Amino acid sequence: MFASTDAQTLRARALDAADRIGARLVRDAVRADRRATWFGDTMEPINGQWTVALKTSGPDVYGGTPGIAMFLARLHHATSEKLFAQTADAAFEHALAALDSVPLEGRGSLWSGWAGAAWALLDAGEVLGRAGYIERGLQLAEAVSRLDPTPGATDVMSGGAGLIPFLLRVHLRYGCPWAADAALRHGSALVGSAQRSSEGCSWATMPVMEGHENRHLTGYSHGASGIGLALLELAKLTGERTFRDTADRAMAYEQRWFSPRHGNWPDFREMRLNTPESQWPYSVAWCHGAPGIALARLRAWQLTEEPAYREQATIALRTTAAAVGATAPGSGAWCLCHGTAGNADVLLAGASILGEPAWRQAAEQAALRGIDTYENADLPWPPGVNGGVDNPSLMLGSAGVGWFLLSVAKPDVPSVLFFA
């Protein structure tokens with residue numbers, strides 16, 4: 001009886017905190033006609049240096065109005081508050097009006113292009129019961145499916161590896177064969193662009209700065225595991241061995257760099273030439289490091305039942321949980337992309353997929369610490385913008401924190417960090 005009551009109290013606190021975040025988003029929306037957007041701190045290149053700048057939200061799901069709308073739609077579903085649905089409607093109006101501002105070569109991106117807006121519309125359409133949103137989302141997805149793979153755009157963040165799982169979900173959920181055809185086309189492009197070596201398969205996903213190592217990245221959003229996972233999804237659907245072999249070799253490339261001492265995989269983005277291995281950098285985030293790799297391995301184990309993938313996922317979850325537990329109250333970002341909310345969300349996924357409640361308990365404790373430190377103290381949740389104070393978005397700001405808290409309160413709310 002005590003455990004049940006305690007769980008109910010925890011979920012109620014998490015839902016209340018998510019509700020308050022949603023109320024602030026409604027309050028802070030900048031409205032014109034039927035549209036709504038938000039101001040938030042972002043990083044912009046100014047005079048050759050990355051600088052905090054206040055900007056309005058764009059039409060991308062990562063940092064813009066579709067991601068905020070998707071959260072508000074889910075929050076309305078949980079609370080029945082009409083203002084959340086109405087503001088989500090206005091946010092989608094803004095996003096749809098701004099779609100043409102996305103460059104052609106970026107429209108196929110899940111996180112920064114039309115594909116993400118389509119995903120948000122479909123998700124909101126289902127939870128709000130809006131057939132019009134689903135119709136518009138499928139129209140956008142079909143437009144994306146007609147785009148050719150952009151050369152060099154391979155990773156989860158900006159390329160085919162992010163698009164493929166979304167297209168496969170559209171195919172399986174809505175019976176759209178054109179989505180599967182497009183996913184196959186993008187998968188073939190990934191296989192064709194892989195660089196093969198004795199260490200496995202990898203991809204050049206980000207430009208190398210002068211004086212830095214030219215190593216292909218590990219990790220989920222820009223690295224080998226995110227691309228490998230997309231190919232495993234295709235292998236599961238089609239049975240084509242080429243996809244499975246390339247995916248396994250992508251995971252092997254990444255595993256080549258695994259450090260047992262750190263329980264983690266190195267972050268090669270800004271590693272200078274001839275850096276001693278003892279000084280290699282290790283990140284702990286969805287985008288780079290153990291948390292995102294945990295998601296890739298969890299899903300890989302679901303798809304293949306390979307024990308090695310489960311073992312690697314468990315190691316990555318331990319590293320993630322240690323980082324979440326060691327984060328002092330009042331320190332560090334709380335965003336989904338590279339903050340505590342994202343790392344704790346990974347633990348929720350681990351608990352669900354592996355059937356191990358300890359991971360959920362660690363995530364719930366993080367949620368309670370965050371609520372006490374920020375929400376109950378009437379302080380802004382620290383965004384994923386270095387030096388920034390507030391950001392409303394899904395992946396860098398408060399909408400993402402709200403989504404995580406909603407996932408704590410309502411275990412049936414899916415993660416937005418991967419498709420499972």
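**Exercise 1. Determine how helix 8 and helix 10 are oriented relative to each other.**

Solution. The structure is a predicted model, in which local features need pLDDT of at least 70, side-chain atom pairs count only at pLDDT 80 or more, and totals for chains, interfaces and linings use all residues. Residues are numbered from 1 along each chain as its sequence is written, and side-chain values use heavy atoms, without hydrogens and water.

Step 1. Locate the elements: helix 8 spans residues 224-238 and helix 10 spans residues 290-304 (helices are DSSP runs of H or I with at least four residues, numbered from the N terminus).

Step 2. Take the geometry: the angle is about 20 degrees, and the axes lie 10 Å apart (axes are lines fitted to C-alpha atoms over the stretch in contact, with angles from 0 to 180 degrees between N-to-C directions).

Step 3. Classify: helix 8 and helix 10 are therefore roughly parallel (angles under 35 degrees).

**Exercise 2. Identify the residues through which helix 8 meets helix 10.**

Solution. Step 1. Helix 8 contributes Ser225, Leu229, Leu232, Glu233 and Lys236 (contact means heavy atoms within 4.5 Å).

Step 2. Their partners in helix 10 are Ile293, Ala296, Arg297, Arg299, Ala300, Leu303 and Thr304.

Step 3. Sorted by class, this contact holds six nonpolar, two polar and four charged residues (nonpolar: Ala, Val, Leu, Ile, Met, Phe, Trp, Tyr, Cys and Pro; charged: Asp, Glu, Lys and Arg; polar: the others, Gly among them).

**Exercise 3. State which helix gives the most to the lining of the second largest pocket, and the make-up of that lining by class.**

Solution. Step 1. Helix 12 gives the most, with six residues.

Step 2. The lining has 14 nonpolar, three polar and five charged residues (a pocket is an open set of points on a 1 Å grid over the protein atoms alone, where a 1.4 Å probe fits, with protein on both sides within 12 Å along at least five of seven lines; lining residues have an atom within 4 Å of a point).

How values were computed: Helices (H or I, at least four residues) and strands (E, at least two) are DSSP runs, numbered from the N terminus. Angles under 35 degrees count as roughly parallel, over 145 as roughly antiparallel, 65 to 115 as roughly perpendicular and the rest as oblique.
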